[in-house]
Amino acid sequence: MSKTSVGLQDLQRKMYVKAKAEATHRFWGLYGHVCKEETLAEAYRLAKANKGAPGVDGVTFADIEVGGLPRFLAELRSELISGRYAPQRNRKVEIPKGNGKTRTLGIPTIRDRVVQGALKLILEPIFEADFQSGSYGYRPKRSAIQAADLVSEAIVFGKTLVLDLDLSNFFDNVRHHLVLSQVARRVNDPRIMRLLKLILKASGKMGVPQGGVISPLLSNLYLTSVDRMLEKAKSVIRHNKERSHVEYVRFADDLVILAGPCRCSGFKFFEALPRRLREEFGKLGVSVNEEKSRSVDLVKGESFGFLGFDFRRVRTLRGRWRPNRSPKLKKRTDLLGKLKTIFRAHRSQPVSRVIEEINPILAGWVQYFRNGQSSSCFSYVREWVAYKVRRHLRRQSQRRGVGWKEWTGERLSAILGLFDDYRTLPSRSGPRVLPA
């Protein structure tokens with residue numbers, strides 16, 4: 001089970017091509033594909049690759065494989081085919097947020113994750129054909145970095161009026177009847193609709209669980225009408241055949257719209273946009289978080305945050321304008337707080353154990369933020385981590401000082417293996433400097 005089977009890949013490709021070619025086609029006979037052994041096996045492989053905690057039943061991947069994976073999949077398939085399958089309730093976990101509040105994750109059991117994964121494998125190609133170009137969240141072959149690159153490119157082309165929107169408790173407020181009706185526009189299979197309804201009801205009377213395998217697909221589907229409205233605006237408000245006065249980027253429930261320059265149709269559109277968006281969101285029962293949403297004019301030196309980056313416009317040494325994106329201060333603070341907790345918890349442990357814990361965290365954080373103007377932030381993090389490691393070494397040797405002469409950055413990396421790849425990379429799409 002190392003790769004998606006050729007049969008499943010071929011089926012997904014055919015469904016995508018059919019959906020793309022016929023925008024009103026409704027697919028039938030899908031439930032049998034969900035119940036296939038190869039679909040369930042691939043869904044299990046993906047669920048295991050994502051790891052994650054067990055659900056309310058406490059069953060882990062190790063428990064399943066001790067009892068026999070073929071047996072587990074066969075029993076699950078039998079329940080689906082006979083109609084006896086019923087999802088268990090999700091395990092609720094509170095995750096702290098930066099503002100002192102918490103976000104509730106709904107964690108399904110592994111059994112339910114496999115079923116949701118199988119359903120997603122069959123439905124995703126159909127709805128991928130309908131999703132719009134500005135939607136980037138949790139879609140195949142799309143990433144947060146690509147979304148950030150598109151924002152940078154929009155700034156390059158003079159789109160300096162920015163509407164930064166955040167939705168209030170979006171995942172908790174998805175109306176089940178609305179998302180089911182949207183699925184039914186493309187799916188003519190009562191057993192699929194029944195299964196999806198059971199999955200939604202397991203999370204409560206309203207909303208999709210953050211933590212559910214199929215939740216990202218359903219949330220993207222739920223907001224497709226908003227994407228279509230913005231896509232239409234892009235096609236109408238154009239500078240020329242190649243370029244529009246408007247660009248938008250949505251990543252799940254985070255949305256930014258960029259327009260400009262002033263004294264053009266893009267500016268007029270930008271003035272009317274907040275009211276028009278609230279009308280569209282109102283149809284879905286979704287409200288805008290007014291505290292986190294704001295209008296920004298980059299020409300005035302203002303900045304905005306999106307996907308962990310701080311975006312602004314700066315002048316080059318030659319006097320030209322270019323987009324500048326760097327890690328938000330809060331992201332740096334969160335990282336150092338996480339690392340500080342590890343250093344405190346391992347005060348009596350060998351430094352090798354500490355480095356083993358912090359290296360993957362540093363590597364992942366730097367890998368995400370290295371596309372942009374992050375060198376100053378990286379230098380701060382690098383020196384902070386080196387200082388903490390030196391202090392750990394001195395504490396264990398019971399010597400004074402921090403050992404910066406004895407333990408240079410190069411020695412910390414070469415001898416102890418401390419992460420040291422803080423290279424930055426240019427944005428991977430679009431020109432980086434505004435035309436003269």
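Reader: How many residues does helix 5 have, and how far does it reach from its first C-alpha to its last?

Author: Helix 5, residues 69–82, has 14 residues and reaches 20 Å from its first C-alpha to its last, which is close to the 20 Å expected at 1.5 Å a residue, where the expected span is 1.5 Å times one less than the number of residues. Helices here are DSSP runs of H or I with at least four residues, and strands are runs of E with at least two, both numbered from the N terminus. Please keep in mind that this is a predicted model, in which local features need pLDDT of at least 70 and side-chain atom pairs count only at pLDDT 80 or more, while totals for chains, interfaces and linings use all residues. Residues are numbered from 1 along each chain as its sequence is written, and side-chain values use heavy atoms, with hydrogens and water left out.

Reader: Okay, and which residues of helix 5 are buried?

Author: The buried ones are Leu-69, Phe-72, Leu-73, Leu-76, Glu-79 and Leu-80, where buried means under 20% relative accessible area, exposed over 50%, and partly exposed in between, with a 1.4 Å probe and protein chains only. Because they cover an arc of only 125° around the axis, they lie on the same side of helix 5; the arc is that of the directions from the helix axis to the C-beta atoms.

Reader: What does the face turned away from that buried side carry?

Author: That face of helix 5 carries the exposed residues Pro-70 and Arg-71.

Reader: And what do the buried residues of helix 5 pack against?

Author: They pack against helix 2 (31–34), helix 3 (37–49), helix 4 (61–67), helix 6 (110–128) and helix 9 (190–201), with contact meaning heavy atoms within 4.5 Å.

Reader: Switching to helix 10, why is it described as largely enclosed?

Author: Eight of the eight residues of helix 10, residues 215–222, are buried, so the helix is largely enclosed by the rest of the structure. Its buried residues pack against several elements, including helix 8 (176–184), helix 11 (224–236) and strand 4 (246–251).

Reader: One more topic: which loop holds Tyr-138?

Author: Tyr-138 sits in the loop between helix 6 and helix 7 (144–156), and it has a positive phi of about 55° although it is not a glycine. At 48% relative accessibility, Tyr-138 counts as partly exposed.

Reader: What about Leu-307, is that buried or exposed?

Author: Leu-307 counts as buried, at 16% relative accessibility. Its place is in the loop between strand 7 (304–306) and strand 8 (309–315), and its phi is positive, near 55°.
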